[in-house]
Amino acid sequence: MLDPQLLRGDIEAVARRLAMRPYVLDTASFTALEEERKAVQSRTQELQSLRNSFAKRIGQAKAKGEDAGALMAEATQANVDLSGLEMKLQEIQEKLRVFLLDVPNLPHVSVPEGRGADDNVEVRRVGEPRSFNFTAKDHTDLGAALGQLDFETATKIAGPRFVVMKGALARLHRAIAQFMLDVHTAEHGYTEIYAPYLVNAESMRGTGQLPKFEDDLFAIPRGDAGKLYLIPTAEVPVTNMVRDEIVPLDKLPLKFVCHTPCFRSEAGSYGKDTRGMIRQHQFDKVELVQIVHPEKSYEGHEELTRHAEAILQRLELPYRVMALCTGDMGFSSAKTYDIEVWLPGQSAYREISSCSNFEAFQARRMQARFRNEKGRPELAHTLNGSGLAVGRTLIAVMENYQQEDGSIAVPAQLKPYMGGVEVLRPL
């Protein structure tokens with residue numbers, strides 16, 4: 001959530017920055033609400049002062065033995081009026097809060113301006129795509145030939161956009177997640193978290209999924225108890241660990257890593273990536289989350305991105321880092337790097353991680369604070385990124401390590417997790 005003081009200070013400047021996303025800020029509605037708020041708040045303060053005055057005058061009258069009936073009647077009416085104004089003020093403030101919940105974050109000044117993915121800027125490219133002396137297959141064909149990637153059975157069980165993995169391929173999927181967790185905890189300083197896969201609406205609002213993206217979520221009705229939501233990413237439960245908390249200064253930065261399944265309805269994505277595992281309703285990710293001092297957030301953003309890149313480097317998978325333009329960033333992000341891995345079966349780079357700095361946008365929604373150098377509560381900055389998406393890493397390993405006979409070599413870094421399996425062959 002944006003700081004309302006930004007809009008109160010120079011709403012036109014905020015509107016111009018949001019227009020780069022692009023997003024049209026309803027300046028007229030905000031201004032009207034603000035004018036109403038100021039008028040009601042001013043009258044509320046007048047009546048509060050009058051109430052205090054009445055209390056003093058009534059006390060003085062009684063002390064002198066005078067009849068205070070008329071004053072008490074006026075005071076009673078003033079209290080009635082004040083109560084009504086206080087309720088009205090709360091209603092206006094709630095309307096302002098709801099208005100701000102729908103407004104995206106402001107792009108950082110370093111974010112390239114653009115309308116969509118074609119305007120993203122390549123920051124660096126690491127590794128050279130492998131040259132095959134045979135026609136490279138994509139992961140779907142490779143997995144089918146192995147007899148270890150089964151979309152038909154998954155569709156029978158659950159529906160489209162699910163997959164069943166078997167045998168050594170299922171173990172390789174597990175090995176990838178375990179390898180990531182070991183690197184991030186042992187070498188990058190993250191604390192491993194096991195978090196709920198179901199969260200409440202307040203948690204979804206805290207990280208920005210609600211109210212704007214409810215159609216992309218899987219909701220679980222609970223009768224009179226409201227809804228729970230299957231998590232679209234571990235970002236939600238892990239970041240909300242600091243909701244309504246004040247973190248001691250000496251505990252920053254907090255660095256968490258969490259492996260979870262993720263659930264997305266992919267509303268509006270029909271017809272996109274329907275083949276294979278690229279866009280699934282259920283997939284696994286190893287998520288990196290940092291809670292940092294505002295002065296360290298962009299330093300932390302670069303560090304977190306390097307931590308995600310380290311996994312690809314260890315697995316010797318070619319990739320590139322893209323700075324997303326203003327028109328391609330997520331709702332809550334101030335700046336995002338997408339890491340895209342090379343997939344020989346598609347002859348293209350595809351996203352495998354998004355690493356974002358949200359500045360205080362999520363923290364303001366969650367009231368996630370730290371005690372600053374002066375001992376005062378201050379909003380923290382939040383960061384997160386996939387370190388990495390497990391299924392897409394599996395795809396990249398399958399396609400980059402495929403061999404002419406359709407088998408798949410196990411990368412050196414994953415062999416310790418594979419129980420002696422060095423090559424995936426048909427069942």
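Two strands count as paired if DSSP finds at least two bridges between them. Strands themselves (E, at least two residues) and helices (H or I, at least four) are DSSP runs, numbered from the N terminus. The model you are looking at is predicted, so local features need pLDDT of at least 70 and side-chain atom pairs count only at pLDDT 80 or more, while totals for chains, interfaces and linings use all residues. Residues are numbered from 1 along each chain as its sequence is written, and side-chain values use heavy atoms, with hydrogens and water left out.

With that in hand, find the open sheet of three strands in the order E5-E7-E6, which has antiparallel pairing. Strand E5 (198-200) and strand E6 (218-221) stand at the edges with a single partner strand each, so one side of each has no neighbour in the sheet. From one strand to the next, the twist averages 40 degrees (axes are lines fitted to C-alpha atoms, for helices over the stretch in contact, and angles run from 0 to 180 degrees between N-to-C directions). Four antiparallel bridges link E6 with strand E7 (residues 227-230), and Ala219 stands opposite Tyr229 in E7.

## One side of a helix

Which residues of helix H4 (residues 139-146) are buried? They are His139, Thr140, Leu142, Gly143 and Leu146; buried means under 20% relative accessible area, exposed over 50%, and partly exposed in between (1.4 Å probe, protein chains only). These residues lie on the same side of H4 because they cover an arc of only 165 degrees around the axis, taken from the directions from the helix axis to the C-beta atoms.

Their cover includes helix H5 (151-157) and helix H11 (390-400), where contact means heavy atoms within 4.5 Å.

## A buried asparagine

Asn384 sits in strand E16 (residues 381-389) and is buried, at 4% relative accessible area. Its side chain makes a polar contact of 3.2 Å with that of Glu235. Such a contact is a pair of N or O atoms within 3.5 Å; within protein, one must be able to donate a hydrogen and the other to accept it, and residues adjacent in sequence count only if both atoms are side-chain atoms.

## Cysteines without a bond

How many disulfides are there, taking a disulfide as a pair of cysteine sulfur atoms within 2.5 Å? The count is zero. For Cys262, the nearest cysteine sulfur is that of Cys258, 8.8 Å away. Cys325 has its closest cysteine sulfur in Cys355, and 17 Å is too far for a bond.

Terms used
A disulfide is a pair of cysteine sulfur atoms within 2.5 Å.
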